[in-house]
Amino acid sequence: MIIIGELINSSRKSVKAAIEAKDADTIRKIASDQAENNAAYIDVNAGTFVENEPEYLAWLVQTAQEAADLPCAIDSPNPKAVEAALKVHKGVAMINSISLEKERYDNLMPLIAGTDLKVVALCMSDEGMPVTVDDRLKIADKLVNDLLKSNIALENIFIDPLVQPVSVDKTYGTGFLDSIEALTEKFKGIHTACGLSNISYGLPGRKQLNRAFMIQAILKGLDGAIINPLDKGMQTAITTAEALVGRDDYCMNYLKAFRAGLFE
Amino acid sequence: MTDLSAIQDALLTGDAEGVKNSVQEAVDRGVDADTILNDGLISGMDIVGEKMQTGEMFIPEVLMAAKSMSEAVEILKPFLKDGGRNRVGHVVIGTVKGDLHDIGKNLVTMMVESAGFEVTDLGVDVAPETFVEAVREKNPNIVALSALLTTTMPMMQQTVDALAESGVRDQIKIIVGGAPVTREFADRIGADGYAADAGGASKLAKSMG
C-alpha cells in the first residue's frame, strides 16, 4: 500500500496554528512521525490560507523534507501554490490532484505535462459527482487518456474514483469498490488512491467502518490511500489484508509488523 | 391538545409504516390535518433535527425520518388547507460556483422542507448571478449557501456581495454552511447565520422564517 500521510493539512487547527507561527518543529515532528509509520508521501495542504497559500505551501514542503526523507504530495488546485511548492521540492513530487473540472484541469495540466511527477486524478467533472461505476469509468477514460497524451506515464497516475458516504446512500460503498476493480482491470499498471474516511461520514464508530472498508478495497485492488499513518488499527487492517490477498510475498511484511509489535 | 406522540415516536425510530399508520389513524379520528402536520410531523422533525445536532441520531436515521414524513404528508394533502401549499417560508439553496458537492446541501434541503419551508434547490456550481436571479424570481425570505472546499469559500463572499450589489440584500436573510465554514467566516463575509449541520440549519431557518 502506497500511503500518503494526510496529517499536514491546514484545516486541522494545530497545523493551522503551526503554519501561522512558522513553528517548524511542529511540522517536522508530524512529518517524521508519518515517515516512521510507513508513509510513502507526506501530503502538504495550506488551502485555508487563500492569500498566502503559495508561500506557506512552499514552506511546508521545505520543512517537511527537512525531517522526512520522502517526497511530498502537493495538495492544492492553485497553480501558483503548486508551482511555488515544486520549486523547493526535492525528488519527485506527487500532485494532489487533477480532475476533469475545467478550471482545475487547465490550471494544473501545464505544470505536469511531460514530467515524471506522480498525479492523483480525481474522477470528477463539471457535470458533478459521479454516482455509478459507469459515471466514474467515463470520466476516468477521458482523464487518463488526456494525461497519457500529455506524456504522463500510466504508472505515475493514481486514479481516485471518489469515496462518498454510505450514510447517505447504501450503494456508495459498492459503487467505489466496483470502480476500483474496473479501473485496475481496464488500465493495467495504473495506481489507485482515495480519501477513504469519507465512507464513514455521518455515522458513529468511524474507525471501524474505515478499517473494514480498507480491507474490502484492498481485495478489489486499491494500492494507494490518503490516511493517517499513525492510526495503528488502520495499519493493522492494511498489513493483514494485503497478506491475505497475496500482495505480501512470503508474508514478510506481516511478520515484520507482528514482530515489531505494530498490531493493535 | 390532541395526542400525536405516536407519530413522533414512529418518526424518531425510523418506522415508516408506523408514521403512515398513526397519521392515518389521527385522520380517521377526525383530528385536523394541519394540526397533524404541525404538531405531529413538523414538531417531530424538529426533535429529529435536535437529536442530529447533539449526535444522538445519525444521517441514515434522519433520512429515514424525512422520507417517512414526506410519505405521510401525501396522506394529509387532500385534507390540508390550501392543499399543503401554505408554508412557513421560502428558502433558495445551492452549492456555490466551483463546488460540485451536494450531499450537505441535500441534507439541509430535506431538513428545511421537513420543517415546513418551500425550497427552491438551484443545485451545485451555482453562480452568484443565478442566486440573484432566483431571489428576484422566487422572492424567498432565506438564501442558503453551501461549500465543501476551502477553495470555494471565497465564492461565498462573492455571492453575498453580488446579492448586496443587486439591491435584493434587504429582502433576504443569508445563511451559510459546509465542512470548512465557521461562524467566524460567516460573520466576516456578512452572512446572517451559520449552522454546523442540517439539524442546526432547519432550526436557524425557523428562527428567521
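Student: How many residue pairs are in polar contact between chain B and chain A, both at pLDDT 80 or more?
Tutor: This is a predicted model, in which local features need pLDDT of at least 70 and side-chain atom pairs count only at pLDDT 80 or more, while totals for chains, interfaces and linings use all residues. Residues are numbered from 1 along each chain as its sequence is written, chains are lettered from A and ligands numbered from 1 in the order in which they are written, and side-chain values use heavy atoms, without hydrogens and water. A polar contact is a pair of N or O atoms within 3.5 Å; within protein, one must be able to donate a hydrogen and the other to accept it, and residues adjacent in sequence count only if both atoms are side-chain atoms. Between chain B and chain A, the count of such residue pairs, both at pLDDT 80 or more, is one.

Student: Which element gives the most to the side of chain B that touches chain A?
Tutor: Helices (H or I, at least four residues) and strands (E, at least two) are DSSP runs, numbered from the N terminus. With three residues, the element that gives the most to this side of chain B is α4(B).

Student: What area is buried between chain B and chain A?
Tutor: Contact means heavy atoms within 4.5 Å, and here the contact takes eleven residues from chain B and 19 residues from chain A. Buried area is the accessible area (1.4 Å probe) that two parts lose on being put together, summed over both. Carbon and sulfur atoms give 76% of the area between these chains, which is about 1,300 Å².

Student: How far apart are the C-alpha centres of domain 1 and domain 2 of chain B?
Tutor: By an automatic or database domain assignment, chain B is divided into domain 1 (5-84) and domain 2 (89-208). The contact takes twelve residues from domain 1 of chain B and twelve residues from domain 2 of chain B. The distance between their C-alpha centres is 26 Å.

Student: Which residue forms a salt bridge with B:K206?
Tutor: A salt bridge is a side-chain nitrogen of Lys or Arg within 4 Å of a carboxyl oxygen of Asp or Glu. The count between domain 1 of chain B and domain 2 of chain B is one salt bridge. For B:K206, with the closest N and O atoms 2.8 Å apart, the partner is B:D46.

Student: What does helix α3 of chain B reach from its first C-alpha to its last?
Tutor: The expected span of a helix is 1.5 Å times one less than its number of residues. Helix α3(B) covers residues 33-53, 21 residues in total, and its expected span is 30 Å; close to that, the reach is 29 Å.

Student: Is A:A81 buried or exposed?
Tutor: Buried means under 20% relative accessible area, exposed over 50%, and partly exposed in between (1.4 Å probe, protein chains only). A:A81 lies in helix α4 (residues 79-88) of chain A. Because its relative accessibility is 0%, A:A81 counts as buried.
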